[in-house]
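Have a look at the structure first, then read on.

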Amino acid sequence: MKAYKVLMIVGVLMIPILTLAQNQFSYQALVNDSLIFGDLKWGDYDGDGDQDLLAIGVNSSNVQQASIFEKDSSGLFTDINAPFMGVQNGTCDFVDIDNDNDLDVLLSGTTSGMHTKIYINTNGTFQEVNYGVVNVGFSSTEWVDLDHDGDKDLIILGADDNYAGITKVYENRIDTLVEMSAGSSLPGFWFGDVDYTDLDMDGDVDVILTGSDAGYAAYSGVYEFQGDSFVFQSQIIEPLTQARAQFADLDNDGYEDLVLMGVDQNYDDRFLIYKNDSGTLVLSQSIDSINSGFTESPFSIGDFDNDGDADIVFGGYDDNYIYQMHYYRNDNMTFVVDQNSGFPYFGGNSSTAVTDIDGDLDLDIVFTGYDDATIEPVPLTLFTNNEASLNTSPTAPTNITSMVNSNSNVVLNWNEGSDQETPAAGLTYNLGIQNSISGEWLISPLSLNDGTRMVSESGNMLNHMTYEADSLSPGIYHWMVQSIDQSYVPSTLAIDSFVISDLTAFDQLLPYDNSAYTIIPDMDSIGFEWESSANAMNYRLTLYDSVTGTVVFQNTTADTVMAVDHQTMFNHAIQNNQPGSTLTYYWRIMAYGQYDSLLSVGSFHLNLTLGQYPVEFDLITPADDEMITLDFQDQSTLNFSWESSYGATSYMLEVSGINDGLFSSPVLIETNIADTTFDVVIADLASLLQTEGHQIDETETYYWRVSGINQYDTVTATLFRLDISLIDSTTGVLSVLNSNEIQVYPNPFNERLTINNSQGSFVIYNLSGQEVFKSTGNASTVNVLTSEWPEGMYILNYTQDNTPKSIKLVK
């Protein structure tokens, strides 16, 4: 044997020299010490974008050790001296236990007994926390979200202090791990392994268990988790001990296949490839005569040649106990040893781990084990991948959508990404969900903000492109998803957000759907009412035009009722419609909570007929408080005029005295006036007044008014007062107001004015304040020619008993 090894050493030493240009991997010591009978994991524990190495095992001083080696500025790896217990014959995990998107550590193995330790990472500093996990050695672990709450639960198997094989399952409750009764449905193992996948892509977790049972018999079995127990699945898998199992999609069909390694019942070495045929594992290839003894990760899977499918790198020994590393290229699901790998004769009880350490998008390897030439442990060794073919990053998933189905449930969907090397079906997807308000993670993606991953592994969604989250707390969430290729290279993050509302569904109450109203421009209103929504801080009522969709009315209230006046709706409707038109509006309520808003369940319609009140208006002539003289012989007319009332279809003119009650029995009523003016023959009006008891030589007070009328209502202008005197020009008799007062007639006037003045001078002004006539003499009667005066109103000013007075005159 020794002579054989010497010959092999000569060959190994010469191959790198003769075939250096063809070798895919070159190697150098990563750390100047060895760690054997252990485990290796890559991860970025401090979030600086560089991969750090977690390692356990026995060092060159024959002492159990557990360390994180961090890459420093010079490119060398140094121990950060984390406060870890050293272990061997077990496993180490970089995993986010407390769901804060950084890497915590689990260590399990032997050192003066069996131990399981958990260390929580806080800003790069580790502190041991007792999570109550069983102490085991010769162990294996798997972290998977069994209960679908977003965090990783733990499956652990190994030997307890009595060297009995056990399997335990723990539910992750962030600050503690609680043993699940479902674990009792799993057999106990040691010298074995556990891994998970979704064999038939039905959304359920499937796990494989391998190893030695209580009777030291070899075992392999697949179990599906069904909520409260693991149910055995009928799969034809060879039972193995000293076993290692890993699921990976080797043929890029979207289903993860199985790589299984170990020792069978006859103590023969077995290295088996099982194809996943839509949920059924079928033996595809047997690569025998190699083994690794018992270490946690003797082989690593990934795309080492950048052709888009997963290859295998192995460290161990053959049937002749020759230590060796092999690189198995994947050629359409057939694995062939690559003779140009450049691997030396390293192997034995070895461990491997892969990552892209130099940032060139291909997989490099770290190795620990023995040198066949010296039969001594080798330092932790880095094999740099020099593959000539370049790998590229995949593209991010497209068309990411979120559908909130209830106040606590959301379904996330995305379309597949793409990659130049890995077929779309071979990509996996990595998901993260975070509460934007609290910052807490529902699912930790173990990715940095730029998409750089903290671990080198498949995505946490496998090949699934949908995820449903239940029992979410109210809040605003953002989520991100990225593609992962077969070299574990991530895409950038595709990012979206959704809201889990704290509001409850509610409906509208009044007015009922399809209620009918006639709206007119007045102060009446329509009352709206709706149910309350829990946690709503306020509500917004919106009234829409059902034809154009435009907003007719919108207002906010903290209450569940609101009144909308007719005028608001009328002002909108009258812009493009005529009175009498029927319009259909609909109304909705939006409730506003702390995080979002919620529409009412239905939308109620309103059928509104457009009515219209006549609009208020004012009288013009005769002016208020005007003095008028009526001549029984005057056949001219007295003009009544007023402003237009918008919406009025006719007007009614009334003149009334006050003796029998104002307008209880008007002396003049004219209806159905279509215009805003009406002429009354002066002689006729004088006769009407005389008939009602108004005598010549008497002055009486009258009031006149006009009402605008349409089919909906009537509006009446403010009253004007008139002081009327009567004369009969055939007798020259005047109706005198007061012997001491000035008398003016006719008023309204046309060609001339006659002023009987016993008070002295007077002045007449137009409404612009310009003087148009002034009397300075003492004549008792003054005739003023007015034919050239413009039509309009004039003011006559005079003084009576030292008191200034005025009379309104109208031409």
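## One cut-off, one histidine

A residue is called buried here when its relative accessible area is under 20%. Keep in mind that this is a predicted model. His 326 comes in at 18% relative accessibility, so it counts as buried.

This histidine is part of strand E25, which covers residues 323–331. The side chain of His 326 makes a polar contact of 2.3 Å with the side chain of Gln 324. As for Glu 142, 184 residues away along the chain, its C-alpha atom is 26 Å from that of His 326.

The chain splits into domain 1 (21–30 + 290–391), domain 2 (401–500), domain 3 (509–610), domain 4 (619–726) and domain 5 (743–810). If you take centres over C-alpha atoms, domain 1 and domain 4 are 115 Å apart.

## Helix H2: one buried face

Helix H2 runs over residues 566–573, and its buried residues are His 566, Met 569, Phe 570, His 572 and Ala 573. Looking down the axis of H2, you'd find these within an arc of 160°, so they line one face of the helix.

What caps the N-terminal end of H2? That's Asp 565, with a side-chain oxygen 3.1 Å from the backbone nitrogen of Gln 567.

## A four-stranded sheet

Now for the open sheet: four strands, in the order E59-E58-E61-E62, with antiparallel pairing. Strands E59 (771–775) and E62 (803–810) sit at the edges with a single partner strand each, so one side of each has no neighbour in the sheet. From one strand to the next, the twist averages 20°.

E58 (residues 762–766) and E61 (residues 793–800) are joined by five bridges and run antiparallel. Among the pairs, Tyr 765 has Ile 795 of E61 as its bridge partner, and Asn 766 has Tyr 794. E61 also pairs with E62, again antiparallel, over eight bridges; here Ile 795 is partnered by Lys 808 of E62. E61 and E62 make a hairpin with two residues between them, and Asp 801 in the turn has a positive phi of about 55°.

Terms used: Residues are numbered from 1 along each chain as its sequence is written. This is a predicted model: local features need pLDDT of at least 70, side-chain atom pairs count only at pLDDT 80 or more; totals for chains, interfaces and linings use all residues. Side-chain values use heavy atoms; hydrogens and water are left out. Two strands pair if DSSP finds at least two bridges between them. Axes are lines fitted to C-alpha atoms, for helices over the stretch in contact, and angles run from 0 to 180 degrees between N-to-C directions. Buried means under 20% relative accessible area, exposed over 50%, partly exposed in between (1.4 Å probe, protein chains only). The arc is that of the directions from the helix axis to the C-beta atoms. A polar contact is a pair of N or O atoms within 3.5 Å; within protein, one must be able to donate a hydrogen and the other to accept it, and residues adjacent in sequence count only if both atoms are side-chain atoms. Domain bounds come from an automatic or database domain assignment.
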